[in-house]
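Okay, thanks for making time, everyone. I'd like to walk through a few local spots in this model, so let's get it up on the screen.

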Amino acid sequence: MSVSRYRSQLRQSAAERRAETHPLTWRLGEDGAMVGLGEYLDKDGYVAARKVLNHQSPDDVVATMKDANVRGRGGAGFSAGMKWSLTMKGQDIPRGYLVCNADEMEPGTFKDRLLLEQLPHLLIEGMIIGGYANHSRFGYIFLRGEYVEAARALARAIDEARAAGWLGNDIADSGYDFDIALHTGAGRYICGEETALINSLEGNRANPRAKPPFPGQSGAWGKPTVVNNVETFCNAPAVMLHGARWYQDLSGELSNDGGTKLYGVSGKVAMPGLWELPIGTSGSELLERAGGMRDGRALKAWLPGGGSTGFLLPEHLDAPLDFDTIGELGSRMGTGLLTVVNEDQSVLSLVRNLEQFFARESCGWCTPCRDGLPWTVKILQALEHGEGERGDLEMLDKLGGDLGPGKTFCAHAPGAAMPLQSALKYFREEFERGVVHPPRAAHADPIPVGVV
Ligand SMILES: Cc1cc2nc3c(=O)[nH]c(=O)nc-3n(C[C@H](O)[C@H](O)[C@H](O)COP(=O)(O)O)c2cc1C
Ligand code: SF4
């Protein structure tokens with residue numbers, strides 16, 4: 001495997017990353033190579049799983065996850081402990097399935113890829129803990145089809161773990177049985193939505209499902225199913241090993257959320273990459289770590305956590321990057337990977353590009369999404385070419401509103417609305433410049449037939 005082809009690059013030296021402060025990445029060397037079973041075991045690998053399986057009840061695990069306030073790292077920030085506690089309702093054991101969402105197709109996001117390619121055993125250990133807490137006996141990793149290196153690393157790690165007794169029957173002599181299957185997806189963004197993912201896993205078309213019932217009640221094959229993001233599972237071993245208080249303290253005064261975050265920066269910066277930092281670290285610190293703006297150009301705007309989040313401005317850079325604060329600023333923390341836009345770039349073109357992606361990836365179930373997104377793209381393209389019509393901006397406002405929360409079966413459409421609405425709010429004049437002057441209606445009399 002050629003390490004030089006890595007794009008998900010951690011930009012922190014090994015000396016900076018310690019077990020006490022960098023629970024996700026401290027085991028990684030400088031070279032970007034996968035941490036195999038031997039190295040993982042040498043670095044306290046599977047110690048947390050052994051402790052949990054032999055000395056704690058599933059209820060204890062859920063309580064610790066709740067106390068630690070591990071918020072889901074897939075974008076919505078829902079408490080993992082809370083999710084696990086809801087699924088535990090009901091009597092049947094085993095209760096259902098544990099699913100790791102490794103679909104990672106959010107534009108500008110490349111954090112799970114690093115964990116999958118370089119730390120697959122950390123994910124497996126997190127899933128063993130999650131499976132135990134949820135009384136499930138089987139887990140799936142739903143992997144983005146294009147992540148070929150990750151598939152290779154995961155397949156190897158699953159084999160290694162099985163051969164060493166960390167997957168299969170009676171793990172660590174605890175009496176607990178758990179195994180994992182790797183499922184590669186067909187490369188669709190909507191497969192990342194948890195109920196579409198479940199449909200796809202079952203071999204059905206990847207449409208989201210109407211909720212309720214939520215997956216925790218009735219998910220894969222009608223069984224209670226917990227779906228968590230890769231990074232969320234990867235937090236579990238350290239939480240179980242060091243406790244909820246320790247995890248909470250990792251973010252210090254920066255945030256009410258606990259732990260660290262695998263933050264990233266891409267776009268017009270000198271040095272794109274990933275950093276594991278306390279949750280609540282500011283955008284300015286991230287920008288500094290990314291070497292500042294490329295070629296000395298000024299910052300115009302930034303997306304805080306992928307293409308389905310709202311634009312923020314330079315004045316927002318000092319805010320802590322956590323779920324609540326970024327929400328209060330009118331955007332979303334999302335995946336926590338910043339996309340940086342400079343003064344030379346057209347926000348209109350960026351938004352058109354994003355909406356084209358969202359239109360293509362719509363599953364087509366709801367009208368505002370299926371029809372509204374292509375319509376949005378058409379208007380944006382016209383504005384981009386200076387061929388917009390009077391009323392186009394108002395129509396974009398309306399289409400954005402129709403895509404908003406509560407109007408569609410899944411969060412794809414509200415996600416698509418965020419960059420559009422925030423761009424119209426902050427950069428409206430760019431859109432206005434695309435409207436034909438004078439308005440087309442004033443000079444659009446048809447040329448009479450026969451007149452050349
Ligand atoms: C269109 C769409 C795409 C999504 N893609 C992903 C994804 O690639 N990975 C992910 O973890 N969550 C994704 N999500 C969020 C999932 O539906 C779900 O909330 C998440 O996997 C839950 O994990 P968490 O609680 O650990 O964050 C997506 C949601 C939507 C609406
Ligand atoms: S919002 Fe879009 S992607 Fe989600 S269910 Fe409706 S049509 Fe499908």
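Asp295 is exposed, at 69% relative accessibility. You'll find Asp295 in the loop between α11, which is 283–289, and β7, which is 299–303. And its backbone is worth a look: phi is positive, about 55°, although Asp295 is not a glycine. Keep in mind as we go that this is a predicted model.

Asp170 sits in the loop between α7 (148–163) and β3 (179–184). Is Asp170 buried, partly exposed or exposed? Partly exposed, with a relative accessible area of 37%.

While we're on backbone, go to Lys211. The peptide bond from Lys211 to Pro212 is cis, with omega near -5°. Now step along to Pro212 and Pro213: a cis peptide bond joins those two as well, with omega about 0°. Where is Pro212? In the loop between α8, residues 194–201, and β4, residues 225–229. Pro213 lies in the loop between α8 and β4 too.

Okay, aromatics. A search of the whole structure turns up 13 aromatic pairs. One of them is Tyr97 with Tyr140, with 6.0 Å centre to centre and 50° between the planes, a tilted pair. Why does that pair tie together parts that are 43 residues apart in sequence? Because Tyr97 lies in strand β1, residues 97–102, while Tyr140 lies in strand β2, residues 138–143. As for accessibility, Tyr97 comes out partly exposed at 22%. The cut-off for buried is under 20%, so Tyr140, with a relative accessible area of 16%, is buried.

Tyr140 has another partner, Phe138. Their ring centres are 5.3 Å apart with the planes at 65°, and since over 60 counts as edge-to-face, that's what we call this pair. Phe138 itself is partly exposed, at 28% relative accessibility. If you zoom out a bit, ring pairs link Tyr97, Phe138, Tyr140 and Trp221 into a cluster.

The charged end of Arg113 sits over the ring of Tyr147, and the distance to the ring centre is 5.5 Å.

Next, ligand 2. How many residues surround ligand 2? There are 13, and the closest are Cys363, Trp365, Cys366, Cys369 and Cys410. If you colour that shell by residue type, you get nine nonpolar, four polar and no charged residues.

Start with Gly32, in the segment before α1, which is 37–42. Gly32 is buried, at 13% relative accessibility. How far apart are the C-alpha atoms of Gly32 and Gln118? 6.6 Å, and that's for two residues 86 apart along the chain.

Now take Gly187, in the loop between β3 and α8. Gly187 is buried, with a relative accessible area of 13%.

Asp249 belongs to helix α10, residues 244–249. At 48% relative accessibility, Asp249 counts as partly exposed, because the exposed class only begins over 50%.

Definitions and conventions. Residues numbered from 1 in each chain as written. Chains lettered and ligands numbered in written order. Predicted model: local features only at pLDDT ≥ 70, side-chain atom pairs only at ≥ 80, totals over all residues. Heavy atoms only, no water. Near = heavy atom within 4 Å. Nonpolar A, V, L, I, M, F, W, Y, C, P; charged D, E, K, R; others polar. Phe/Tyr/Trp six-rings, centres within 6.5 Å; stacked < 30°, edge-to-face > 60°. Helix = DSSP H or I, 4+ residues; strand = E, 2+ residues; numbered from the N terminus. Buried < 20%, exposed > 50% of the residue type's maximum accessible area, 1.4 Å probe, protein only. Lys NZ or Arg CZ within 6 Å of the ring centre and 35° of its normal.
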